[in-house]
Amino acid sequence: MQEKIKITASLVLYENNYNMLRQAIMSTINTALKIHLYIVDNSPKPELETVFKDLDVSYYYNNGNNIGFGKAHNLAISQSGISDYHLVINPDIYFDSNVIIKLIDYLENHPDIGLIQPKIYFPNGDIQYLCKRYPTLFALFVRRFIPKKLHFLLKNYLDWYEMRDMGYENIENVIYLSGCFMLFRRKYLDEIGYFDENIFMYLEDADITLRMAKKYRTVFYPHVHIFHHWAKGSYKSLKLTLINIQSAIYFFNKHGWKLF
């Protein structure tokens, strides 16, 4: 039955690490399922094309115009044609060949699910607590501006925000899933709309999960896992920090402000 399922995937680039990128691409296409990958390159120069010139993927270079994460994925999705499922991935992940197969199996048996995400680990095996409750001003401020070594002072609150109480061992409905790996049922994605192009980067994953969760289940599935290098670019760049703040203001104006 899975042989008849059509799966597309999209990957957005911006001056990424060659080795990580190659690993992400090979993880996606190295599976028993047929997956066609659409790559949109927002980099100043098309140098990353050399990473996958020998692979069967579709590549589009934006002529040095960085149009943002969501808009670039939307471009890829709109070019990918009709499919049963669409996978959004980051260029800093990798995973075993059985991951997508098992996620598709679960989706095929649960038609009420619009979006699913596996468990996510750092390369060293530590879990990433990327399932979150509705974003709050306080949570975003603490995670971005309070030094990590002081987070123990707010541990209970941060653990609550990252849904650590659920244990990350059971299948759960989650209204905020990470944009590093999002497997959508395509007809539901077409229905709710793609990424909000008013968000250049950051919180576009919260927005699309929340919109999907209003009509269909958005699920954390811990029985398979991926690995994520997680660069946390906004922590190292003033420009990205400002973009992060701008995205948060837009998100709260759209969905509602919540202090705590």
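**Nonpolar cores and overall dimensions of a predicted model**

**View 1. The largest nonpolar core and its most connected members.** Of the 39 residues that form the largest nonpolar core, those touching the most other members are I25, F52, I100, I104, I116, F181 and L183. At least two residues of this core come from each of strand 1 (7–13), helix 1 (18–29), strand 2 (35–41), strand 4 (85–89), helix 3 (99–108), strand 6 (113–121), strand 8 (181–185) and strand 9 (217–228). Helix 3 provides the largest share, with 6 residues. The model shown here and in the other views is predicted.

**View 2. The surroundings of I25.** When residues up to four places away in sequence are left out, I25 touches L11, L37, I39, F52, L55 and V57. F52 is, like I25, among the core members that touch the most others.

View 3. In soluble globular proteins, nonpolar side chains tend to be buried together.

**View 4. The whole protein, for context.** The protein contains 8 helices and 9 strands, and 53% of its 260 residues are buried. Its radius of gyration is 18 Å, which agrees with the value near 18 Å that a compact globule of 260 residues would have, while the C-alpha atoms fill a box of roughly 50 × 45 × 35 Å along the principal axes. Of the contacts between residues at least 6 apart in sequence, 79% join residues at least 24 apart.

**View 5. Surface and charge.** The 29 positive and 26 negative side chains form two sets whose centres lie 5 Å apart.

Key. Residues are numbered from 1 along each chain as its sequence is written. This is a predicted model: local features need pLDDT of at least 70, side-chain atom pairs count only at pLDDT 80 or more; totals for chains, interfaces and linings use all residues. Side-chain values use heavy atoms; hydrogens and water are left out. A nonpolar core is a set of buried Ala, Val, Leu, Ile, Met, Phe, Trp, Tyr and Cys residues joined through side-chain atoms within 4.5 Å. Buried means under 20% relative accessible area, exposed over 50%, partly exposed in between (1.4 Å probe, protein chains only). Helices (H or I, at least four residues) and strands (E, at least two) are DSSP runs, numbered from the N terminus. Contact means heavy atoms within 4.5 Å. The radius of gyration is taken over C-alpha atoms; the globule rule is 2.2 Å times the number of residues to the power 0.38. Lys and Arg count as positive and Asp and Glu as negative; His and the chain ends are not counted. The place of a charge is taken as NZ of Lys, CZ of Arg, CG of Asp or CD of Glu.
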